[in-house]
Amino acid sequence: YKAENQNVIALKNKLGKTTAKVRLLDVEFESPDPLLHTDVIAISGGNPYYLMHWLRKSGADQIIKIRASTGIPIMATSAGAITLGSSLELIDRFTPEMNVVNLVGKSGLGLLNKAVLPHYDRFLKNGIIQKSVLIDYENDTGTDVIRINDHQAYLQIAQQAKIIGKN
């Protein structure tokens with residue numbers, strides 16, 4: 001069903017317009033080994049706890065870290081962007097019920113020394129998050145939060161990072 005997800009299809013189509021070869025990989029059911037031979041890694045959304053669980057269980061987390069250290073572009077949207085950060089603990093402050101896999105270790109991939117919050121604009125508008133809670137989190141943990149709006153993605157190439165997409 002994941003290959004039929006509209007966001008996955010849209011991402012695949014956008015990447016397909018570049019010179020990159022595009023292959024969908026579901027680490028829940030497939031070996032992550034093809035990640036060792038890609039020019040770009042794009043991590044899409046879903047449930048951040050579920051995604052982090054399968055990244056770890058499959059070994060994809062280690063491959064992504066190795067590939068990131070070589071400087072290949074890592075692009076992530078939604079839950080994928082959350083997993084790039086240092087921790088998933090920020091999500092616990094807003095939607096702890098999402099942890100359906102009972103993920104114990106809340107560390108992310110650690111490619112960023114920050115936390116990532118996708119859908120920032122929508123979550124604010126719909127009352128899912130409050131700015132004060134974000135500021136409290138940043139003050140309590142000493143961790144900055146990267147705020148990413150809908151229609152944006154986080155892109156990291158080596159030590160250069162930026163938010164791409166519509167503002």
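The paragraphs below walk through a predicted model of one protein chain, from its overall layout to a few individual residues.

Because the model is predicted, local features are reported only at pLDDT of at least 70 and side-chain atom pairs only at pLDDT 80 or more, while totals for chains, interfaces and linings use all residues. Residues are numbered from 1 along each chain as its sequence is written, and side-chain values use heavy atoms, with hydrogens and water left out.

The protein chain contains seven helices and six strands; here helices (H or I, at least four residues) and strands (E, at least two) are DSSP runs, numbered from the N terminus. Read from the N terminus on, the elements follow the order α-β-α-α-β-α-α-β-α-α-β-β-β. The chain has 167 residues, and 40% of them count as buried. Buried means under 20% relative accessible area, exposed means over 50%, and partly exposed covers what is in between (1.4 Å probe, protein chains only). Among contacts between residues at least 6 apart in sequence, 69% join residues at least 24 apart, where contact means heavy atoms within 4.5 Å.

Helix α2 (residues 48-58) and helix α3 (residues 60-69) pack at an angle of about 85 degrees, and their axes are 5 Å apart. Axes are lines fitted to C-alpha atoms, for helices over the stretch in contact, and angles run from 0 to 180 degrees between N-to-C directions. The two helices, α2 and α3, are therefore roughly perpendicular to each other. On this scale, angles under 35 degrees count as roughly parallel, over 145 as roughly antiparallel, 65 to 115 as roughly perpendicular and the rest as oblique. At the meeting point, α2 contributes Met52, Leu55, Arg56 and Ser58, and α3 contributes Ala60, Asp61 and Ile64. Sorted by class, this contact has four nonpolar, one polar and two charged residues. In this sorting, Ala, Val, Leu, Ile, Met, Phe, Trp, Tyr, Cys and Pro count as nonpolar, Asp, Glu, Lys and Arg as charged, and the others, Gly among them, as polar.

Pro48, Tyr49, Leu51, Met52, Trp54 and Leu55 are buried in α2. The buried residues of this helix pack against β1 (41-43), α3, α4 (78-84) and α5 (89-94).

Leaving aside neighbours within four places in sequence, serine 58 is in contact with Val27 and Pro32. Just after α2, glycine 59 takes a positive phi of about 90 degrees.

Serine 87, in the loop between α4 and α5, is buried at 12% relative accessibility. The side chain of serine 87 reaches the backbone oxygen of lysine 106 at 3.4 Å. Asparagine 149 sits in the loop between β4 (145-147) and β5 (152-157), and with a relative accessible area of 17% this asparagine is buried too. The side chain of asparagine 149 reaches the backbone nitrogen of aspartate 121 at 3.1 Å.

Backbone angles complete the picture. Most residues other than glycine have a negative phi. Serine 78, in helix α4, has a positive phi of about 50 degrees although it is not a glycine. Asparagine 102, in the loop between α5 and β3 (115-117), has a positive phi near 55 degrees and is exposed, with a relative accessible area of 59%.

Key. A polar contact is a pair of N or O atoms within 3.5 Å; within protein, one must be able to donate a hydrogen and the other to accept it, and residues adjacent in sequence count only if both atoms are side-chain atoms.
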